[in-house]
Amino acid sequence: MTQSASKSCDICMSGPGRNYCEQCDQWMCENCKTLHLRSKISRNHTFFSGSNINPEEQPFCKEHGENFIFYCIDCNMPICKICSVKKHKKHDMSEINESTQELQAEVKRVIDSKIKSVKTNLDKIEQGTGKYQSDIKEAIRVIEEDGKQMKQWIDKKVQALIISLEQKETANLKVFQKIKTGFQNDLGKFVKCQTAFTESQKVADATNLLTQLKNIKSELDVADEKQPPVMPTIKYNKKNVSEREIFNLFGDIKFQ
């Protein structure tokens, strides 16, 4: 395979050979390439096009100069037909396009699953945060209602309880925001994987595509599955008290 991209078409011998057929190891002009792809026996052949193509740089077996047509599952590597007989005869093998398609389907499934999971968890955090803040507001409302009824005795107690609630709210919201940011970062990572996957669909060479898909799969496997936090609930337990009992019987705040 020492041909040059500047030579003439190997089929008609007249047109410029700008298209290299991987399977036939031949240069073809545009017309011959079109006819080649219309033939039933060669309709699935793949081409490299361009004036600077060097077939020596294409993904062939370095030992035998043959196209990679199989994928050795035991050795985790693409192999040619000669390698399949000599070095990998008893190994578990599959056709390379089949392996690529299977990995492609798996990567797409993992991307879709992870993005769906993160979005679902983000929705749960949003809903839980809203409910938590509503609980805080309701507890404050009840406390203030008691405060009006017992204003002259419990001003300091009311303020102390409100401050306690608000401090707890501030602390918990910071925790929620940190967890939410983690999910958002994961979402960004998976969206990048989705973009890389979409771009990989433009790659014609199966070996190159397989490599890109493996890289994407590795990025997806690194990310740990996160679970949304269990949202705390808040309830103010109101008590009916007399003036003499106000400080001893004032309601308690319970955090869960």
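Trainee: In which helix does threonine 181 lie?
Mentor: This is a predicted model. Its C-alpha atom is separated by 9.4 Å from that of leucine 122, 59 residues apart along the chain. Threonine 181 itself lies in helix α4.

Trainee: Is threonine 181 buried, partly exposed or exposed?
Mentor: Buried means under 20% relative accessible area and exposed means over 50%, with partly exposed in between. Threonine 181 has a relative accessible area of 31%, so the residue counts as partly exposed.

Trainee: Is aspartate 186 buried or exposed?
Mentor: Aspartate 186 is found in helix α4, residues 151–200. Beyond its neighbours within four places in sequence, aspartate 186 is in contact with Val118, Asp224 and Lys226. Its relative accessible area is 7%, and the cut-off is under 20%, so aspartate 186 is buried.

Trainee: Which residue forms a salt bridge with lysine 180?
Mentor: The pair links distant parts of the chain, 54 residues apart, with lysine 180 in helix α4 and its partner in helix α3. The closest N and O atoms are 2.3 Å apart, and the partner is glutamate 126.

Trainee: What separates lysine 108 and aspartate 112 along helix α3?
Mentor: Their side chains meet in a salt bridge at 2.9 Å, N to O. Because lysine 108 and aspartate 112 are 4 residues apart in helix α3, residues 96–149, the separation is about one helical turn.

Trainee: Which residues are linked with Glu138 in a network of salt bridges?
Mentor: Arginine 141 forms a salt bridge with glutamate 138, with the closest N and O atoms 2.8 Å apart. The network links Glu138 with Arg141, Glu145 and Lys238.

Conventions:
Residues are numbered from 1 along each chain as its sequence is written. This is a predicted model: local features need pLDDT of at least 70, side-chain atom pairs count only at pLDDT 80 or more; totals for chains, interfaces and linings use all residues. Side-chain values use heavy atoms; hydrogens and water are left out. Helices (H or I, at least four residues) and strands (E, at least two) are DSSP runs, numbered from the N terminus. Buried means under 20% relative accessible area, exposed over 50%, partly exposed in between (1.4 Å probe, protein chains only). Contact means heavy atoms within 4.5 Å. A salt bridge is a side-chain nitrogen of Lys or Arg within 4 Å of a carboxyl oxygen of Asp or Glu.
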